[in-house]
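Here is a short report for a reader meeting this structure for the first time.

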Amino acid sequence: PTNISYVSGNDQTVQVDSDTTNLVVSITDANGNTVPGVTVVWTIFLKPAGSSLEYLHSMTSVTDATGSASAIFHAGEIAGHYVVQANAPDLAGTPVSFHVNTTAAGLDHILISGPIQISAGGYANLTATGYDAYENPVSIVGLSWESSDGAIDLWGNFSHDISGVYTIWANLTGISGIHYIEVVAGPLHTMTISPVDAIITADDVLQYSVSGFDQYGNPVAAT
């Protein structure tokens, strides 16, 4: 044998943590005749940083009666670009490279990011991001928003004028992300004094109390 060359299987796109179809090379002699019985060594030459689940079903294969040798690659858990190489030492054309691109798996969970505290009457703009089981980003078109109270629109803008802690959900196809927002009182707006119109006798002492409120009626320290 004098030459190793590409046959099929390059430029595949598969989902993360799944198999490619066969990666195939051919071994020929100086006259272009296919050569059976030649061992081809397969290696993973390139993978995305952090990936660990990729492997080859077999590290070697032997050319069959047609001079072809093949391997199946199992892509790792990180979406990105992988390169597998077929090597036949001392043969022209070695190594033969196969490029495999991977896409995220199905939606596994949703994370909501944004403020965890706002003032009464203010707004929180929230962002939802979908991920597969391996933390690869997944498109979440058609997301719906829900809140335990207050108002939230189609774009994730939440508002409320009553102080408290509220729960926000981002929902898609039975999967929900969850987020908590505390609404705190705004600045002091009004004060009330109690008691009102009290009547006491001479030499009596009357204790007054002052209560503060923001513009929405939430209690505020009157100091």
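## The open sheet

Five strands make up an open sheet, written here as 5 strands in the order E2-E10-E9-E4-E6, with mixed pairing. E2 and strand E6 (60-62) are the edge strands, and each pairs on one side only. From one strand to the next, the twist averages 30°. The model is a predicted one.

Strands of a sheet pair through backbone hydrogen bonds, in either a parallel or an antiparallel sense. Both senses come up below.

Start with E2. Strand E2 (residues 12-15) pairs with E10 in the parallel sense, over 4 bridges. Val14 has Thr102 as its bridge partner in E10.

Move on to E9. Strand E9 (residues 81-87) pairs with E10 in the antiparallel sense, over 6 bridges. Here Val83 stands opposite His99 in E10. Strand E4 (residues 39-46) also pairs with E9, in the antiparallel sense over 5 bridges. Thr43 finds its bridge partner in Gln85 of E9.

Now look at another strand, E3 (residues 23-28). How many of its residues are buried? The count is 6 of 6, and the strand is mostly covered. Both of its faces are covered. On one side sit Leu23, Val25 and Ile27, and on the other Val24, Ser26 and Thr28, all of them buried.

E3 pairs with E1 and with E7. Strand E1 (residues 3-8) and E3 run antiparallel and are joined by 5 bridges. Ser5 has Ser26 as its bridge partner in E3. E3 and strand E7 (residues 68-71) pair in the antiparallel sense over 4 bridges.

The table gathers the pairings described so far.

| Strand pair | Sense | Bridges |
|---|---|---|
| E2 and E10 | parallel | 4 bridges |
| E9 and E10 | antiparallel | 6 bridges |
| E4 and E9 | antiparallel | 5 bridges |
| E1 and E3 | antiparallel | 5 bridges |
| E3 and E7 | antiparallel | 4 bridges |

## Thr102 in strand E10

Thr102 lies in strand E10 (residues 96-103). Is Thr102 buried or exposed? Its relative accessible area is 8%, so Thr102 is buried, the cut-off being under 20%.

The Thr102 side chain reaches the backbone oxygen of Ile78 at 3.3 Å. Leaving aside residues up to four places away in sequence, Thr102 touches Val14, Val16, Ala75, Ile78, Ala79, Gly80 and Tyr82. Among these, Val14 is also the bridge partner of Thr102.

## Asn136 in a loop

Asn136 sits in the loop between strand E14 (127-131) and strand E15 (137-138). Asn136 counts as buried because its relative accessibility is 6%.

Which backbone oxygen lies 2.7 Å from a polar atom of the Asn136 side chain? It is the backbone oxygen of Glu77. With residues up to four places away in sequence set aside, Asn136 touches Val16, Glu77, Ile78, Ala79, Ala104, Gly130 and Tyr131.

Compare the two contact lists.

Key. Residues are numbered from 1 along each chain as its sequence is written. This is a predicted model: local features need pLDDT of at least 70, side-chain atom pairs count only at pLDDT 80 or more; totals for chains, interfaces and linings use all residues. Side-chain values use heavy atoms; hydrogens and water are left out. Helices (H or I, at least four residues) and strands (E, at least two) are DSSP runs, numbered from the N terminus. Buried means under 20% relative accessible area, exposed over 50%, partly exposed in between (1.4 Å probe, protein chains only). A polar contact is a pair of N or O atoms within 3.5 Å; within protein, one must be able to donate a hydrogen and the other to accept it, and residues adjacent in sequence count only if both atoms are side-chain atoms. Contact means heavy atoms within 4.5 Å. Two strands pair if DSSP finds at least two bridges between them. Axes are lines fitted to C-alpha atoms, for helices over the stretch in contact, and angles run from 0 to 180 degrees between N-to-C directions.
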